[in-house]
Amino acid sequence: MTYCKAPFTHLSIKTDGNIKSCCRALPGSGFSNLRKQSLMEAWNHPYMEQLRYDLSHGIKNPNCDACWNNERDGVVSLRQKYNGIDLDVTKNKPIWLELKMSNLCNLRCRMCHVADSTAWATDFDAVRYLHYDLWLANIIDKLPFEKGYKLDVYDEQFFDDFKKLAPDVVRLSFAGGEPMYDEKHYTILEMLQPYAHKIDLSYATNATIDSYKGYDIFDLWKNFKSTQVSCSIDGFPKLSEYIRTNSNIVDVERIVKKMLRTPKIRVTGKMTLSAYNIFYVPETFDYFTSLGIENHNFHFVTFPEFLDCRIFTGVKRKEISDKLITEPGIKSYFDNTLLYTKEKWDKFLEYTKVLDKSRETSISKFGFFEGIYDNY
């Protein structure tokens, strides 16, 4: 079984304008770009035609390796989740879009980079010599940045194309950057108001902003069919603030609780699992519950490999594995692959040390990491 609804209904557009079959398609694998093609031209691209053929005929196209690897490791893949969504696959046009409209963001999450966050401009150069492996550094160097590492490629042509598709859109996903920090995101919501009653929205957001430049997100959401908000929280309050630099958990809690009280909004807690928080999974899920978030999910950092949660070895690895007994899916993923090498571990320590100095923080204040530099 290789079939996936996504390439028959969906396109994903990145902050640099790269167009992908979905957000999990191979990193750097955008087959086209908004600067070269319209959305419908990309939809009919030979790459997409081949992908549709392969997934309909039992062929594991390498574009989808992230899902094949998840399924091999016993983790529910995005393909499996997509196939559970009620979508009309016969329209022959993108009725579901994921838009990363810019890299504008107010946070500097440790597993992120300047291609997805303008706030990273303050200390990206301090870690670029080991940041995200050489291949991604080369990609970043070729991106069409404006001053301050800003990406802004969604131009008038895109909005003209989007207007033509808008009447048929039934699902729209926003990520970033941080969509709530991007004025163009609000422009799209205003453009869709005539069709809002039939459109399901979904968001990946850091849940730190609910109003921007006179826009109130709750006011704009109220006319849409539904809004699914995936709130990125990566630990109990202090740990989440450590990982998601500039985040204020007081704002997060206020906004999450307001979402939970608002009709037609469904809230999910989203944990990005990395070397920084794998030990604290149970505490994080308990924190979601304390906020009133009944549903939570997670995804794994897989690059750079030195931030992958599977780089631990020895005593620390056993401590993590024992702690994950209550989360069998995550435990299986963690136990099945050992990524440790001394080179990766030293990169993790150096990367963390450089960012701690730049951000005036310390990983050692979290019990699991106490004394982590002793033998470094």
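Begin by selecting G58, which comes just after helix α3 and takes a positive phi of about 75 degrees; helices here are DSSP runs of H or I with at least four residues, and strands are E runs of at least two, numbered from the N terminus. The model is a predicted one, in which local features need pLDDT of at least 70, side-chain atom pairs count only at pLDDT 80 or more, and totals for chains, interfaces and linings use all residues. Residues are numbered from 1 along each chain as its sequence is written, and side-chain values use heavy atoms, with hydrogens and water left out.

Next, select α3 itself, residues 46–56, and colour M48, L51, R52, D54 and L55, which are its buried residues, where buried means under 20% relative accessible area, exposed over 50% and partly exposed in between (1.4 Å probe, protein chains only). These residues lie on the same side of α3, because they cover an arc of only 165 degrees around the axis, taken from the directions from the helix axis to the C-beta atoms.

A207, in the loop between β7 (200–205) and β8 (211–212), has a positive phi of about 55 degrees although it is not a glycine, and A207 is buried, with a relative accessible area of 1%. K264, in the loop between α12 (249–261) and β12 (265–273), has a positive phi near 70 degrees, and K264 is partly exposed, at 42% relative accessible area. Most residues other than glycine have a negative phi, and most peptide bonds are trans.

Finally, select G176 and G177, which are joined by a cis peptide bond with omega about 15 degrees.
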